[in-house]
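Notebook open, structure loaded. I went through it place by place and jotted down what I looked up.

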Amino acid sequence: MNIHSLGEGWILQEQRLYEKLTKRLNDLERLPRLKENKSIESHLEENGVSRRDFMKWATAITAMLALPGSFTPLVAKAAKLSDRLPIIWLHMAECTGCSESLLRTDAPTIDSLIFDYISLEYHETLMAAAGWQAEHNLEHAIEAYKGQYILMVEGGIPSGNSAHYLTIGGHGHTGEYSAKKASKNAAAIFAIGTCSSYGGVQAAIPNPTGAVALSKITDKPVINVPGCPPSEKNIVGTLLHYILYGTLPALDAYNRPKWAYAKRVHDLCERRGHFDAGEFVEEFGDEGAKKGYCLYKVGCKGPYTFNNCSKNKFNSHMSWPIQAGHGCIGCSEPDFWDTMGPFEEPVANRLYNTVFKGLGADATADKIGVGLLTVTGIGIAAHAAISKFKNPKDGEE
Amino acid sequence: MANKRVIVDPITRIEGHLRIEVEVDENNVIQNAYSTSTLWRGLETIVKNRDPRDAGFLMQRICGVCTFSHYRAGIEAVEDALGIVPPLNAKLTRSLMNMALFMHDHVVHFYHLHGLDWVDVVSALDADPAKASKEAFDYAEFPIATGENDLKKVKTRVKEFVAKGQLGPFANAYWGHKTYRLTPEQNLILLSHYLKALEVQRELAKLMAMFGGKQPHPQSLTVGGVTCVMDLLDPSRMGEYLTLFKVGADFIENAYQADVVMAAKMFKDEPSVTAPAGVMNFMSHKEMQLNRTEFLFDSGIIENGDLAKVFEINEDLITEEATHSWYSDNEALHPYEGKTNPNYTGFRDMDTVGPDGKMIHSKVVDEKGKYSWIKSPRYDGKPMEVGPLAAILISYAKGNEKIVPLVNDFLAKTGLPKAALFTTLGRTAARMIQSRAIAKHGLEAFNTLIENLKVDQDTYTSYKIDKDKEYRGRFIGDVPRGMLSHWIRIKNGVVENYQAVVPSTWNAGPIDSLGQMGPYEANLVGLKVQDLSQPLEIIRVIHSFDPCIACAVHVMDKKGNDLGTYKVDPIYGLSC
């Protein structure tokens, strides 16, 4: 196959994708609206979003979803159609950090856009109703929007014999019961954050509450959007992706959308040049730290962590941990509390999970994943060791 | 007629899972109240046997709202144990991040969590935007988002919501409740600020992320200092801090301050906000370092509401007990010695008041036995209220020159007596006064940092953990919800023991062995509920504390507990 025919294949593929998305959006358009007679334009205006701002935002999202620029109008249309989608957001064993992250949604006034465009039926941190009335809202939404709503779950889930470590509501139902019930008739299920994706901090050794991932208590497919918390962009982007395709996005081995989690933090890191040049921070606060050298030797887990932080950053591109001079702690990886610590030492210099003398690593990590990470780890450790000898700056300071 | 039981579960617009049950007499006056946390996560157990340098990162995950508080507490407890003093630059950077957190937290609390207890969204529909716009000038010199056109827009938007019956997050609340007191115009002003505050909170979160890498869960503190040295040495970054800080300060002065004064004037005859605080003991720790020696808020204890005398805190007198908490060891112990083994006894069956006022079958707590995952902390055997009200009262009583004028200003503008501070209203006002103090004086820390950076660029102090040595240390400070302490013991180079005694534990804990109630419960007793199916008064009182329940629930087990035991039976088999 020559380069020319590769190009043609790609164009064909792109065309097919374009047609598929158009069809999906047309189908969506035919769905009854939740808010009748709502004009999109007036809605945008009410939210202080000009048409120009909105298209700018759609362009950014298109790029983030790794779609060709020509798809921007489709993304814009998808956002406009999202008022057909009721959202139920459940809190399990969690810290509310993921909800807080959602509230930081960037681009001008995009949070009010989301506030109005999706129909937020149940969200304990934001909703006005309380007690029985809140319970009613949940039951009503599950019933009225059967098979149509998107379920987003934040938090690990104490389950089975430990399910009573979380109860919600006047009937004392367990979190597990509520999550199962809401999962049953959801159109799509997103586990928002590392806790609902993999169990999270409460599931770290010795997991005293028997907390598990959402995917362990439902037999329906769950899209994991891990991170502690995931960036506001990954939460909203995943939602948009679903609205666009109407199907599950391409997922990796841990059910994470590939558009956000396909690359390692290390791949696009702003300090990558220093890694390649063998320039490392040896201790926090040293000359290397002041110059922005690579943080690998003070424990950065960027080489083992799949996420788009290095590209998209957090809080409207304000910063991200590595910019703030601290290594990545690997928070979007399964069981990172047990496999990535101590967070301020390079992992490749250690056995996995040495905090507990290796206990648990075999049981928790994906075998192939461990194999790959170990190979990468050795390579990186060797590189760091060699560059210590070959540091071109040696003797300069 | 026998007492009736009313349940409010979930208490929404808080962090975590909280259930309140009350018993009312035939006049709907609350005779008994039970505060119950219904989630347990066990982070103090999980942190054990880990590298002490990881403690701050793990303990930070106690809460994504108090996202900086537990991070700093975890880091500084280890520093205290190891005897490390971080450089001044690091301390002041932590102060700048802390100020961002306080401003963010208090703004979000007033508008998005507590606001709907004061604001009747539906009533705003009858407002005259022109009149409202004019009224805004009565409370603020430069009102924000209250121009006539702004308010017209907000009104139209809400009108559409209501007309379509699709209220989204506003659905099914207690609109039209008799205890709402604002005029339609005032409701409209606050509603406009509710929306504006959504933007402002995002800016204030950026203010923290600037030196923290991200928010929630910033990542730039390390044992010995801070890691964001590049940001500190970048003048444009420092300029950005200054700019965003002023955005927050402006909103606090011209919206938040104005709205709280307006609400205070209108609600000052409403019993659910003016009843005296249930626990009249207040405790607060000094906080917010401004320069080498000075802090913005003071330490101390006030007993029985007496502002004439402030006692100093003796940290040896802090204990926690679990008589009515779902743990098996009841006795009151100091945090260094505390032990906690889960002993869940669940609910019992009973009929309670349902959403339409009729009795329905429900689960209720066993108030004679154990009924919450939160323990009961006591100081010298006494319950204490902690939080911004305590911080403000103590600084006020001590004659703090930065705080006294702000308290007096609030009292003068509202015409309220000092006694009005010791109430639900006072609690809400204190949070505003604290925000104002930070907005007015916080930049002193910023200026000190700039001056210091000219001569000293240290951000980190080196240290070594000796595996053969045993260490113990603690952090005590005041965070947005009140006095927070973390207690750590280190042995063999790993965490041997960890305990967090957090603000919401002090306030939300169940009764102790002497039958003494904590602040949540004590504040509810005596309160009259107008409509049992719409217990807005209960929510109003509880929200005034800004509950943070994931923070409040924690566990520690005693020295030498074998972690393997958990694997045998994680629920009941915890014998240590």
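Predicted model: local features only at pLDDT ≥ 70, side-chain atom pairs only at ≥ 80, totals over all residues.

I started with B:Ala145, which is found in the loop between helix H5 (129-136) and helix H6 (148-163) of chain B. Helices here are DSSP runs of H or I with at least four residues, strands are E runs of at least two, and both are numbered from the N terminus. Phi of B:Ala145 is near 55 degrees, a positive value in a residue other than glycine.

Residues are numbered from 1 along each chain as its sequence is written, chains are lettered from A and ligands numbered from 1 in the order written, and side-chain values use heavy atoms, with hydrogens and water left out.

Next I checked B:Asn492, where phi is also positive, near 55 degrees. B:Asn492 sits in the loop between strand E15 (482-491) and strand E16 (494-501) of chain B. Buried or exposed, I wondered about B:Asn492? B:Asn492 counts as exposed, at 53% relative accessibility. (Buried is under 20% relative accessible area, exposed over 50%, partly exposed in between, with a 1.4 Å probe and protein chains only.)

I then looked up B:Gly515, in the loop between helix H15 (503-508) and helix H16 (519-524) of chain B. B:Gly515 is partly exposed, with a relative accessible area of 44%. Its C-alpha is 9.8 Å from that of B:His324, 191 residues away along the chain.

Helix H17 (residues 536-543) of chain B is another story: eight of its eight residues are buried. Among them I noted B:Glu537, B:Arg540 and B:His543.

Cis peptides came next. One joins B:Asp9 and B:Pro10, with omega near 0 degrees, and B:Pro10 lies in the loop between E1 and strand E2 (18-24) of chain B. Another joins A:Cys228 and A:Pro229, with omega about -5 degrees; A:Pro229 is in the loop between strand E9 (223-225) and helix H10 (232-245) of chain A.

B:Ile7 is buried, at 3% relative accessible area. Leaving aside neighbours within four places in sequence, its contacts (heavy atoms within 4.5 Å) include A:Trp132, A:Gly170, B:Ile20 and B:Val364.

Then the cavity. On a 1 Å grid over the protein atoms alone, a cavity is a set of points where a 1.4 Å probe fits but cannot get out, and lining residues have an atom within 4 Å of a point. Which residues lie nearest the centre of the largest cavity? They are A:Cys95, A:Cys98, A:Cys195, A:Cys228 and B:His217, out of 20 lining residues. H9(A) gives the most to that lining, with three residues.

Notes: 1 Å grid on protein atoms, 1.4 Å probe; cavity = no way out; pocket = protein on both sides within 12 Å on 5 of 7 lines; lining within 4 Å.
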